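This report covers a helix contact and a strand with its pairing partners.

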Amino acid sequence: MMGAFNLETCARSNILALQPYRCARDDYKDDGTNILLDANENAYGPSLANTDASAPSSASGPDIDFRGLHRYPDPHQRELKQLLCNLRNTHHHTQKTITPDNLFVGVGSDEAIDGLMRCFCVPGRDRILVCPPTYGMYSVSAQVNDVGLVSVPLLPAPTFGLDVPKIKEALSNDSNNIKLAYVCSPGNPTGAPLAKDDIRQLLEHPTWNGVVVVDEAYIDFSPEGASLAEWVAEWPNLAVMQTSSKGFGMAGIRMGSLFTSEPIAALLNNMKAPYNLPSPTSALALYAFSPGGLAVMRGNREKIVAQRDRLVRELPKIKGVGRLRGGVESNFLLYEILGRDGEPDNATALAVYETLAENKGVVVRFRGKEHGCLGCLRITVGTEAEVTRFLQALEKTVAAINGHDLSVGNDEEKKEMEANAVIA
């Protein structure tokens, strides 16, 4: 006899309605031959001097105690936090010094995104503010936590700046119940930095009782001293998120950090699972943020910047490629793809995206359905060889697609939405 269990009435309604998280590898897998320029990974690899996976850890690389894996990891990670403080205490924004007490570390930035919502937002009542186009995980986490969403779009391309008056108006409306304002600098998919003074205006809001969260996932591709991490020493309502996945090329270890005031950091550390950062992750991160790891990171960054500059020079020469939208302070670029009439076109951009992936083995990211990104592809900067192959493939693909009429079927809108829904 079956019991009374009914999933539809037992599970939370907001979870039943949740659109599943779609990441870059859901559409196109890594088959060992294709070029992956879609997830903003670091094409030059991790910030490790010894990248031979078969070699034991040693003084020249990360010190992983494999025989100690029967023990739980360090629950506090103060040594790692101190290295992060050493990196971000630049004194460009304050003469104060941040310490490990200003830090939370966890599983990627996603744990910090979720932790802040669980800390500050009452489910079914409170909301967060986001500024599209932006990272999709903010809205996914909000739905998981039954937290509402208020959207105030960024200003038009190419600046993609904050619309400060409209944001302040939304924050001033008590009925919105906004507790967190998530902003991304440099932006994803825009690659454009936000103005420090705009962020200051939000922090100085005279009536809003909430936290400004600045996502700096791509900050290591910005000029030295651009990070606002140390600025948390000046503002009790500022949180700055960072990741080891982009500039440091350590996406596989899933380690993110959040800099904030000591009271907020204490709340997040009290809430987290006791041993949320695995020992191998900690050991690899300790090396990546050590002097040796930093040297590797900076060397790889120089190579990425060189290829990024090359793409900025070469892409406008390809017929059918339009304007650069946004900025260049990232390891990716956002470019328009033009239709036969010379205007940005989503159908053409989607066809180029699919043809590159399915016929050329080159995977980029379609972003044409994002606010202000009509006809746009987001292109991760690859190695020199990958960029060469991409440019050749793109030129041939755009020419072929614009050389004949596109058949736009009834499912075109659905295909565009599905391609755009990938969170990366």
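## Helix α4 against helix α8

Helix α4 (residues 108–120) and helix α8 (residues 262–271) have axes that come within 10 Å and cross at roughly 100 degrees. Axes are lines fitted to C-alpha atoms over the stretch in contact, with angles from 0 to 180 degrees between N-to-C directions. On the α4 side, the contact (heavy atoms within 4.5 Å) is made by Gly 115, Leu 116, Arg 118, Cys 119 and Phe 120. Ile 264, Leu 267, Leu 268 and Met 271 make it from α8.

## Basis of the model

This is a predicted model, in which local features need pLDDT of at least 70, side-chain atom pairs count only at pLDDT 80 or more, and totals for chains, interfaces and linings use all residues. Residues are numbered from 1 along each chain as its sequence is written, and side-chain values use heavy atoms, with hydrogens and water left out.

## Strand β10

Strand β10 (residues 332–337) is mostly covered, with 6 of its 6 residues buried (under 20% relative accessible area, 1.4 Å probe, protein chains only). Phe 332, Leu 334 and Glu 336 are buried on one side, and Leu 333, Tyr 335 and Ile 337 on the other.

β10 pairs with strand β9 (residues 321–324) in the antiparallel sense over 2 bridges; pairing requires at least two DSSP bridges. Val 321 has Ile 337 of β10 as its bridge partner. Strand β13 (residues 376–380) also runs antiparallel to β10, joined by 5 bridges. There, the bridge partner of Leu 333 is Ile 379.

Technical notes
Helix = DSSP H or I, 4+ residues; strand = E, 2+ residues; numbered from the N terminus. Buried < 20%, exposed > 50% of the residue type's maximum accessible area, 1.4 Å probe, protein only.
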